[in-house]
Amino acid sequence: MTKDLLGLEETSEKEIRFFLDSTETFKEVLSRPIKKVPTLRGKTIVTLFYEPSTRTRMSFELAGKRMGADVSNIAVSGSSIEKGESLKDTIRTIEAMGTDLIIIRHGKAGAPHLAAKTTNACVINAGDGAHEHPTQGLLDLFTIQEKKGKIAGLHVLIVGDIAHSRVARSDIWGLTKMGAKVTVCGPPTLIPVEIAKMGVSVSYDLNSVLSSADVIYVLRLQLERQKKGLFPSIQEYIQYYAITKERLAQAKTDALIMHPGPMNIGLEITEEVAASIHSAIQEQVFNGVAIRMAVLNYLLGGKEHEVDS
Amino acid sequence: MKWILKNARLFDPSRNLDIISDLLIENEKIAGIGKNLSIEGASVHDMTGKLAVPGMMDMHVHLREPGREDKETIETGCKAAAKGGFIAVACMPNTNPPLDDLSTLHYVLNKSRNAPVKVYPIACVSKGEKGEEISEMGKLAEEGAVGFSDDGKPVKTAELMRRAMEYSKMFDKVIIDHNEEETLAQGVMHEGYYSTLLGLKGIPSESETIAVARNIALAELTGGRYHAAHLSSAKSVDLIRKAKEKGVKVTAEVTIHHLLLTHESLITYDTNYKINPPLRTETDREALLKGLEDGTIDCIVSDHAPHTREEKEMEFDLAPFGISGVEILVPLLLSELITKEKLSLKRGVEALSLKPYQILGLKQPSIKENEPANLTILDLNASRIIKVSEFQSKGKNSPYDGKVVTGTPVMTVLNGERKT
Amino acid sequence: MNKAAAKSSTLVLDEERIQRTLSRIAHEILEYHKGTDNLAFIGIRTRGVFLSDRLAEEIEDLEKVRIPTGVLDITLYRDDLSLLSDFPVMKKTEIPYDVTGKKIILVDDVLYTGRTVRAAIDEILDLGRPLAIQLAVLIDRGHRELPFRADFIGKNLPTSLNEQVEVRLKECDPEEGVWIVKKGV
């Protein structure tokens, strides 16, 4: 095992299974009147976010605090980072203050790898560019398993901007390792080259793949992609790829709808679909804290002494 | 001063020379070749088991001076080149200011006068490398520029390239292009499976092949001489091969890195592998090697691109492109390609000792009596560990740190004088 | 049965003695509390759970009242947690009743340093506010590192530090009994 969680590509099936199993333990803790255990008392966790994110940062912060750790948050604006301090120097400074674990969100792919090489502290990748977002991948796996009772054998359809999506990559690694069949669907300009080598099928025609999907995972569409000419207009995207009530009607009656948030309601997904009984979007958010507790426990939980009584 | 290289294997493909012999150097010249030379007053260097070839040249290095002396200076870059087995380098003009006028040209020539390697400056194709007006090629060529390039960037437009190729015919100088269709080259690595996996923006091979095709067409149109810098893709090799068959005046180079590495190396986001053009697929690598062996690709270069540690220890997207390579090109070539019989010794030596001089219109060194004594001496059996901490170059940016190589340069002789 | 146990272990309690001991503890609990009002068991994983179930059964036989039982996993509360493997099995705390206002009887197999009891009490207090917490153990082997004592003890077993007390129960082990095992033999 390593000191870091940088991606699900390098995480084994055994480790993934362990995370999913131990998440149950933490869901029980979260159901208590006092939602707090002392497991990580005395540990210091820093969230270092170079991109704004409310839900992921807060989810990690709550996970740390509910494990009894001290959690500090560094956001880019107003810090020395904006004055041009390098990532390496920032990481060294954070380490020098006695930090045990750094949670990093960064717009550049590979930034967490650089951070991990720089420090002895544990590093969790909370999303790096278009690379990976492993805790999102884990919470998606957990939610699918919880709602469907299994992952192996399911057909998961990931719809939208695959090329720029770190969620898609983490989900693809996680789902394929756990035995699901994955199809990615979107306009060819948003499907990265040679993605089939990651073990997925590729489709440009949503209507042809909807009916066999057990899970429809809808990705957030970044509006700036349109400005870069990757698709001609929002209207045309909606016409071909939005998940609407009509499209949902073509899917299996027990199909699950998921979305990593935040949603562009009326764009990649309609309000009706997001609020339907098919939707597991709220569960994803709830499970996020528990899965992150499981990850923190795995990386930081007592490993120093021998068990004696 | 007289000195004798005793019992060396003398290897000069231009003369089909491959003998074990002694070699006498006197007054800057090769004064004698023969068995058991014994000259009174000459110092004797035992070269048993060593290989002497015509002095090698790296025709694509960045010396960074003037402007970025924190990355490299002419002094440190030349020391590195000499240690790397070279007696000459051609340096690219993307300095600050760019080498586009006589004052900067003279600055480089003056600064390198006493360097352990001969420095041949390449001047800008366009003033300020801006891609607008062609530089004063005539004056620059007369004062010592050996070729023209906007390297670091492509020659911006087809129109500019056409004019440059036409105009340079007056002086029979070569136009060297960093072949790149810039609108397709906005990424940081080869576009393929690994760019998809790593979530990094890719540069497709076509970014290069489109530019190579443009340049070949213009060389054909103008009759000018075009040299394709640092080829990286199989398709480009095919284009060059066909152009040569047609008789177009085109030559090409490849870096040692593109001959040894592929995009798979980037899997850990190590910025030391970040180069432009990017490392591509195994198919490309094999095609480049084949192109080098069959003569489609004329020479091997380092594209020596020193950077500071701080610059390279950045997020992958933000780190600059390039490897500090002039010191390790020859050891890697010997160790990984020639000793392992992936490239013939003849082609390896031609690619460094002969072709660069031909392309740049320089007199090529020759192992022959009464010729200037310009030699590189190699030990094909010596093993050592590459250590960036021991680099003469200021640029420690190399992915080969810690690699064990067998085969290394042991001596260079420039105009009869031992430099390393 | 493992080799060490076969060669250098001494049987202290057999299956029958364990059952009789539990029966006595059940009587003591009823006597002390004068009945079963507000009583509740919490067993500490793993063997404390089976012991608390057996105590509840004994009392049910005697009083025809089923005392609620719960399961406590103290993994997240330990101060001496370490890796038994890279993947320590994570289990849940499962207490199907509100601990607030209850007289909790915490059940474990062996009382030793007292650190497990400390962790268990911490966890119970995070779950609510019991009226009281008492401790019942099958074996008290001494060597306390924290100031705890048990309210109900099956057997006091003076041991040296190089000995180990092994409790095996039929619910989870191939045979039942309590052994003293010499370490390092």
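Me: Where is B:Leu332 found?
Reply: B:Leu332 sits in helix α11 of chain B, residues 329–338. Helices (H or I, at least four residues) and strands (E, at least two) are DSSP runs, numbered from the N terminus.

Me: Before I go on, what kind of model is this?
Reply: It is a predicted model, where local features need pLDDT of at least 70, side-chain atom pairs count only at pLDDT 80 or more, and totals for chains, interfaces and linings use all residues. Residues are numbered from 1 along each chain as its sequence is written, while chains are lettered from A and ligands numbered from 1 in the order in which they are written.

Me: Back to B:Leu332, buried or exposed?
Reply: B:Leu332 is buried, because 23 other C-beta atoms lie within 10 Å. Buried takes 20 or more other C-beta atoms within 10 Å of the residue's own, with C-beta atoms placed from the backbone.

Me: What is B:Leu332 in contact with, leaving aside neighbours within four places in sequence?
Reply: B:Ile256, B:Leu260, B:Tyr400 and B:Val405. Contact here means C-beta atoms, placed from the backbone, within 7 Å.

Me: Now chain A. Which domains does the assignment give?
Reply: Domain 1 is 13–133 + 286–300 and domain 2 is 134–281. The bounds come from an automatic or database domain assignment.

Me: How many Å apart are the C-alpha centres of those domains?
Reply: The centres of domain 1 and domain 2 of chain A are 26 Å apart. Their contact takes 21 residues from each of the two domains. On the domain 1 side, α1, β4 (122–128) and α12 of chain A each supply at least two residues.

Me: At what angle do α1 and α12 of chain A pack?
Reply: Helix α1 (13–30) and helix α12 (281–300) of chain A pack at about 115 degrees, with axes 8 Å apart. Axes are lines fitted to C-alpha atoms, for helices over the stretch in contact, and angles run from 0 to 180 degrees between N-to-C directions.

Me: Which residues meet there?
Reply: Among them are A:Phe19 and A:Phe26 in α1(A), and A:Ile291 and A:Met293 in α12(A). By class, that contact has 10 nonpolar, three polar and one charged residues. Ala, Val, Leu, Ile, Met, Phe, Trp, Tyr, Cys and Pro count as nonpolar, Asp, Glu, Lys and Arg as charged, and the others, Gly among them, as polar.

Me: Last one: how many residues does the contact take from chain A and chain B?
Reply: 20 from chain A and 18 from chain B. On the chain A side, α4(A) gives the most, with three residues.

How values were computed. Buried ≥ 20, exposed ≤ 12 C-beta atoms within 10 Å, placed from the backbone.
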